[in-house]
Structure formats: C-alpha cells, structure tokens
Amino acid sequence: LVITASNPMFAALFSFIILKEKAPWYTILAGLVCFGAIISIFYTQLSGGGGSDVAGLLSALGAAVCMGLYFVLLRLVDTEVPGRYCSSTSIVRVNGY
C-alpha cells in the first residue's frame, strides 16, 4: 500500500518528462524522501525482514508507475482538447467526442 501510494512521485516525474513542467523544490524533496522510503521497503522485505516476494513488490511499484503515467497522460489529453474528458474519475467521453 505504501509503494502504491507513491504514484504522485511518478506523476511529478512524468509531468517533467512529458509536459515539460518544472516542479517546485518541495516536490523534488518529497520525491526524494518517497524514493528513499521505497528503497527502504524493498531492502527490508528482500533481506528477509518482511517475508514478501519480489513479484508482489514489483507489482505494487508497477501499479504506482502506471497510475502516475495515467494521470499525466489524462492531463495531456485534456490540455489538447479542453472539456473532452472528465478527469475526476476516469476517461469518459463527454460533449459528443
């Protein structure tokens, strides 16, 4: 759950790469802290302290990456055609598009 909740960090990273948005210093700091927490979780779990398997950890990390990318791509589509998609829930067609 903690790893999956790190999707804002990946959203900020993809926003920088895809949308060319610059993040404020506190977002970068929070991303570094989040990245450190993810490394700590992986290290603790894989060194025998938690008993989790690699597939579960990688699945949670993959889900966080995909959610972050989804949010950025949704913003990209909404920027190109404003009002075309409802960004509050999921990609929903509105206004006849």
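Me: How exposed is Y70?

Reply: Y70 is partly exposed, at 28% relative accessible area; buried is under 20%, exposed over 50% and partly exposed in between, with a 1.4 Å probe and protein chains only. This is a predicted model, where local features need pLDDT of at least 70, side-chain atom pairs count only at pLDDT 80 or more, and totals for chains, interfaces and linings use all residues. Residues are numbered from 1 along each chain as its sequence is written, and side-chain values use heavy atoms, leaving out hydrogens and water.

Me: And how do I read ring pairs?

Reply: A pair of aromatic rings is described by the distance of the centres and the angle of the planes. Rings of Phe, Tyr and Trp (its six-membered ring) pair if their centres lie within 6.5 Å; planes under 30 degrees apart are stacked, over 60 edge-to-face, the rest tilted. The whole structure has 2 aromatic pairs. For W25 and Y26, the centres are 5.8 Å apart and the planes at 80°, so that pair is edge-to-face. Both W25 and Y26 are exposed. Y70 and F71 have ring centres 5.6 Å apart and planes at 55°, so they make a tilted pair. F71 is partly exposed too, at 37%.

Me: Which residues of α1 are buried?

Reply: In α1 (residues 7-18), the buried ones are N7, M9, F10, A11, F14 and S15. Helices here are DSSP runs (H or I, at least four residues), numbered from the N terminus. Just after α1, K20 has a positive phi of about 60°.

Conventions. Helix = DSSP H or I, 4+ residues; strand = E, 2+ residues; numbered from the N terminus. Expected span 1.5 Å × (residues − 1).
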